[in-house]
Amino acid sequence: MVYSIGEFSKLTSLSVDTLRYYEKEKLVHPDRNRSNQRQYTDKDKMWVDFILRLKETAMPIRKIKKYARLREEGDVTLKERMEMLRAHRHSMIKQIEKFEDNLGHLDKKIETYEAMIADHKQ
């Protein structure tokens, strides 16, 4: 399937400006038709979905750009890309641990307030 930039924008929920920015930053490389209009494919959709997942997991844009550059270089960079993803996974685990610790502290504070409120009602 081939999509115009407008169709691809709707498909990905990204604005046309964001897609142009991604292209400018060399994150995506859509083909062009004879009229020089961008043509996105389902493969581009899978790649953009992965970029968005990396963003949602707090990978810095500079690292996403590096990953994209390595991806363009092909299979000779497989090991380096895998190591980047492993490092990012490790970072995510550390973030999850921090969130869980903070969540525990919030739960204790909520319990304290619940007890204080219950005491005031009596």
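**Loops, a helix and a sheet**

Student: In which loop does Lys26 lie?
Tutor: The model is a predicted one. Within this model, Lys26 lies in the loop between α2 and β2 (31–32).

Student: Is Lys26 buried or exposed?
Tutor: A residue counts as exposed when its relative accessible area is over 50%. Lys26 has 56% relative accessibility, so it counts as exposed.

Student: What phi does Lys26 take?
Tutor: Most residues other than glycine have a negative phi. Lys26 is not a glycine, yet its phi is positive, about 65°.

Student: Why do the buried residues of α1 lie on the same side of the helix?
Tutor: Helix α1 spans residues 5–12, and Ile5, Phe8, Ser9 and Thr12 are buried in it. They lie on the same side of α1 because the arc they cover around the axis is only 105°.

Student: What covers the buried residues of α1?
Tutor: The buried residues in question are Ile5, Phe8, Ser9 and Thr12. Their cover includes β1 (2–3), α2 (16–24), β3 (38–41) and α3 (42–56).

Student: Which are the edge strands of the open sheet?
Tutor: The 3 strands are ordered β1-β3-β2, with antiparallel pairing. An edge strand pairs on one side only, and this holds for β1 and β2.

Student: What is the bridge partner of Tyr3 in β3?
Tutor: β1 and β3 run antiparallel and are joined by 2 bridges. In β3, Tyr3 has as its bridge partner Tyr40.

Technical notes:
Residues numbered from 1 in each chain as written. Predicted model: local features only at pLDDT ≥ 70, side-chain atom pairs only at ≥ 80, totals over all residues. Heavy atoms only, no water. Buried < 20%, exposed > 50% of the residue type's maximum accessible area, 1.4 Å probe, protein only. Helix = DSSP H or I, 4+ residues; strand = E, 2+ residues; numbered from the N terminus. Arc of directions from axis to C-beta. Contact = heavy atoms within 4.5 Å. Pairing = 2+ DSSP bridges.
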